[in-house]
Structures are given as structure tokens and as C-alpha cells.
Amino acid sequence: MQTTLRSFQLTGFSQYPSLRTVVLHDYRMLTMDFPWARITTLVISGSLPVAADDLLMYLRAIMQCPSLQTLNIEPPDLLPLNPLQDKSFIVTLPDLKYLDTSLYLMLDHTSLPQLERARLSTDDLVGRSKQCQQDFIAAFSRMVSCSQCALRLKCLSLGKIPITKDLVPLLLATKSLEELDIRAEMAYDCSANSTFGPVLKEDAQAMDIIMSLVDILEIKPGEDVSDSFLPKLRYFPFPSRSM
């Protein structure tokens, strides 16, 4: 029997004055009566299908949480969401400091002026178009520019996101980065003639970009660190290939 939204329209939660963290394992629970304006940590995940037009639902949910400092949105990986037609629809979260999401489409509709830490991942984008995944870094770059948070961003983690040419301009703008974690997936094309076949073309291009990045990051003898690419960088695990 199908569960309807009505099943989650419970009341009374708004009466808890100290409630600050909400973790929802079913996105339909967004209709519940929480003290949304006071919530500082919101986690939305779930295993139920998401309709293709539910991006607006997610945006409206966070719009009622102006005090958010931590946001984690991991939508179920069953249906790709459609982009909003209204490109001017922007949700501002003035106090958000930590963002963890695989929902890249929301980035073009959010302004996060206080963002300090971001974890972006395509772990939940399996089966979606390669272009969709490749748009992730470009969308994040646009959000950083719109939010004017480039100099506040201290930690950036890219999990299994295809490395594109948009990465270097993004890092050029985020001079305050202290931690950079790039977990790029480098696939191999295995063949019967060898243990490992040649690296796939797009992975070779990604590795070229990463090696260019490493070369830029290298501080030459006698060079002033303050003039380097990321002068405050203190954590950078070298990206590796994985099968």
C-alpha cells in the first residue's frame, strides 16, 4: 500500500524549543511540523523515489531554515531531477558553513555567503548522464561566485567527481583553501591482451588536469609561499587511480 504525504503531517514538534538538529530518512517528512526557523543542522536522505520535478521541494525545504549551519542532502538515486525553469529563484542561507551534497542542481539556486567547508560527491549519481556529473564543478564554481564566499572557503572535498577544466579556475578563486581532497575515479579499460588496458581517454584528460594542478601547487626553491597558488594549503592527499 502506498504511503501518502498525509501520513507524515504530524504536529507538536514545533513545541520543542531546544530542537536544533533534524535527520530525515524519508524526504516526505519535510511536511512535518518542526521548528524550521531554529534548525541549525539538516540531513535529508532516503530510499524512496523522487519525482523528476522535486528539486523545488528541496529548495523550499531549506528556504524555511534561515538558521542552518550544516546541510547534508543526499537524494535517492532513482530518478534524475529536472532543472528549474526559473533561473532567478535563489535561496540564501546566511549562516551555512558546511555543505555536503550530491544534488548539484541545487547549487545554481543557492547563495551561501558564509560557506567554509564543502563536500561534493557523485556517489549517488550512478546511472545518470556523464554530462550531468561533469557539470558538478562548474555549478559549484557559479555558486561560489554568486555567494562571494571564495575567500571564506577553507575545505573542499570532491568525491568521485569527474575532473574537468573548470577545476583550476575554481581553485584560483579560492585562495583561502586549507584542505583540498580530490578523490577522482580513474578507470581502466581492461583487455584480454594485457593485465590492464590503456587508460580511458576521459580519464587520461582528467589525470593531465590533476598533474597540471600538482605542478601549479609546487613551490619552487626560494619562492615566497604567500605568492603560491594556494598559500594556506596544509592538506592535499595526492589523487590516485582506482580500478
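1. Let's start with a charged pair: Arg-234 and Glu-179 form a salt bridge, with their closest N and O atoms 3.3 Å apart. The term here means a side-chain nitrogen of Lys or Arg within 4 Å of a carboxyl oxygen of Asp or Glu. Arg-234 sits in the segment after H4 and Glu-179 in strand E9 (residues 179-183), so this pair ties together parts that are 55 residues apart in sequence. Helices (H or I, at least four residues) and strands (E, at least two) are DSSP runs, numbered from the N terminus.

2. A word on what you're looking at: this is a predicted model, where local features need pLDDT of at least 70 and side-chain atom pairs count only at pLDDT 80 or more, while totals for chains, interfaces and linings use all residues. Residues are numbered from 1 along each chain as its sequence is written, and side-chain values use heavy atoms, with hydrogens and water left out.

3. Back to Arg-234, which is exposed at a relative accessible area of 59%. For these labels, buried means under 20% relative accessible area, exposed over 50%, and partly exposed in between (1.4 Å probe, protein chains only). Arg-234 also belongs to a network of salt bridges together with Glu-178 and Glu-179. The count of salt bridges comes to 4.

4. Another of these pairs is Arg-119 with Asp-100, closest N and O atoms 3.0 Å apart. Arg-119 is in strand E7 (residues 117-121) and Asp-100 in strand E5 (residues 98-101), 19 residues apart, and the pair links distant parts of the chain.

5. Arg-142 lies in helix H2 (residues 130-147) and Asp-108 in the loop between E5 and strand E6 (110-111), so parts 34 residues apart in sequence get tied together. Both ends are labelled partly exposed: Arg-142 has 43% relative accessibility and Asp-108 has 29%.

6. If you like surface charge, have a look at Lys-97, Arg-152, Lys-154 and Lys-232, which gather in a patch of positive charge. A patch takes residues with over 30% relative accessible area and no salt bridge, joining like charges within 9 Å and nonpolar side chains (Val, Leu, Ile, Met, Phe, Trp, Tyr) within 5 Å. Lys and Arg count as positive and Asp and Glu as negative, with His and the chain ends not counted; a charge is placed at NZ of Lys, CZ of Arg, CG of Asp or CD of Glu. Lys-232 belongs to the segment after helix H4 (201-217).

7. Met-57 is worth a click too: you'll find this residue in helix H1 (residues 55-63), partly exposed with a relative accessible area of 23%. Leaving out residues up to four places away in sequence, Met-57 touches Tyr-27 and Leu-30, a contact being heavy atoms within 4.5 Å. Met-57 and Arg-28 are 29 residues apart in sequence and 9.6 Å apart in space, C-alpha to C-alpha.

8. Finally, the whole chain. The protein chain has 4 helices and 9 strands, running β-β-α-β-β-β-β-β-α-β-α-β-α from the N terminus. Of its 243 residues, 43% count as buried. Among contacts with a separation of 6 or more, 60% come from residues 24 or more positions apart.

Key: Areas by Shrake-Rupley, 256 points an atom, 1.4 Å probe, with all protein chains shown as cover.
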